[in-house]
Amino acid sequence: MNAKVQTLQVYDQYELPSKANSSVVKPDVQESELYWRPLIILSSALIFCGLMFSGYTQAMKWLDRPVNEIRMLGETKYLNKTLLAEKLAASISAPLLHLDIEALRNTLLDDPWVQAAEVRREWPPAVSVLVSEQIPVARWGKKGLLNHQGDIFWPDSRDGYEHLPELNGPATETQLLMAQYHDMSRLFQGASVRMSGLTMEARGAWILQMGNGIEVVVGREQLKDRLQRFLHVYQKELASAADRIERIDIRYTNGVAVKWREPIEQIKAG
């Protein structure tokens with residue numbers, strides 16, 4: 001049997017290496033460098049951040065100047081852009097970067113003729129405004145107007161819009177009223193009288209107004225058939241007496257009911 005013989009170092013007792021000499025680590029110059037390096041990096045970072053903050057502050061101060069111009073963009077027909085810009089200028093009380101854009105936008109929307117508004121900061125210090133105005137297509141009730149999207153708005157005055165049709169009904173049904181008026185008014189094309197208004201009652205019945213002041217009760221059903229029959233009867237039998245008619249009910253199958261105006265009594269003078 002062959003046994004491996006391990007080779008060992010052999011020392012004389014006087015030649016053994018000293019434990020003390022082998023375990024002691026001499027101070028290294030690199031240790032001091034490891035101590036100061038983080039401080040140097042931290043100090044450099046702080047100085048860099050300070051410079052950046054100072055630069056940012058100075059830049060913001062330079063940019064944040066008083067607004068000296070308001071630019072009104074877009075074409076308008078019903079809005080006076082000069083008056084609108086003057087109203088906006090009166091509400092500006094802060095430099096450019098401190099402007100409350102939403103508050104300025106709300107100032108514009110306070111005008112009932114402004115449908116939508118977009119406000120932006122611009123440089124050199126200015127405020128740019130893009131407004132969309134209301135486009136009236138009908139009167140709503142006794143004081144309001146209806147825009148082309150079926151939204152109701154309330155101008156200070158409706159003077160000058162008497163030629164528009166007058167619609168009445170639930171505020172949630174403006175789209176339906178506009179569509180129904182459009183469909184009914186087409187039946188009056190070629191007739192001697194025009195349609196000037198339409199009312200939708202709470203239960204869905206329709207009453208239309210004609211340009212000569214006569215009110216026509218249409219009801220809820222067979223609208224087209226009833227109106228065609230009414231126009232035939234009106235032009236043949238009633239047109240000549242239109243100034244004496246107050247109301248016509250066309251809900252009957254074989255005819256119409258006419259309510260005549262009360263005769264105006266003549267007051268004798270003297």
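These legends accompany close-up views of a predicted model.

Local features are described where pLDDT is at least 70, side-chain atom pairs count only at pLDDT 80 or more, and totals for chains, interfaces and linings use all residues. Residues are numbered from 1 along each chain as its sequence is written, and side-chain values use heavy atoms, with hydrogens and water left out.

**View 1. An open sheet is built from 3 strands.** Reading across the sheet, the order is β1-β3-β2, and the pairing is mixed. β1 (70–73) and β2 (114–122) are the edge strands, each pairing on one side only. On average, neighbouring strands here are turned by 20° against each other, direction ignored. Strands of a sheet pair through backbone hydrogen bonds, either parallel or antiparallel.

**View 2. β2 meets β3, and two helices pack on the sheet.** β2 and β3 (residues 126–133) are antiparallel partners over 8 bridges. Look for Glu118, whose bridge partner in β3 is Leu130. Helix α3 (residues 81–90) packs on the sheet and touches β1, β2 and β3, with its direction at about 140° to that of β1. Helix α4 (residues 101–109) also packs on the sheet, touching β2 and β3, and makes about 150° with the direction of β2. Such angles run from 0 to 180 degrees between N-to-C directions, using lines fitted to C-alpha atoms, for helices over the stretch in contact.

**View 3. Ser128 sits in strand β3.** Ser128 counts as buried because its relative accessibility is 1%, where buried means under 20% relative accessible area, exposed over 50% and partly exposed in between (1.4 Å probe, protein chains only). Leaving aside neighbours within four places in sequence, Ser128 is in contact (heavy atoms within 4.5 Å) with Arg71, Leu73, Glu118, Val119, Arg120 and Glu122.

**View 4. β4 and β5 form a hairpin.** β4 (residues 136–140) and β5 (residues 144–147) run antiparallel, joined by 4 bridges. Ala138 stands opposite Leu146 in β5. There are 3 residues between the strands, and Gly141 in the turn has a positive phi of about 60°. Gly144 and Leu146 point one way from β5, Leu145 and Asn147 the other way, and all are buried.

View 5. β6 (residues 152–153) runs antiparallel to β5, with 2 bridges. Leu145 has Phe153 as its bridge partner in β6.

Notes
Pairing = 2+ DSSP bridges.
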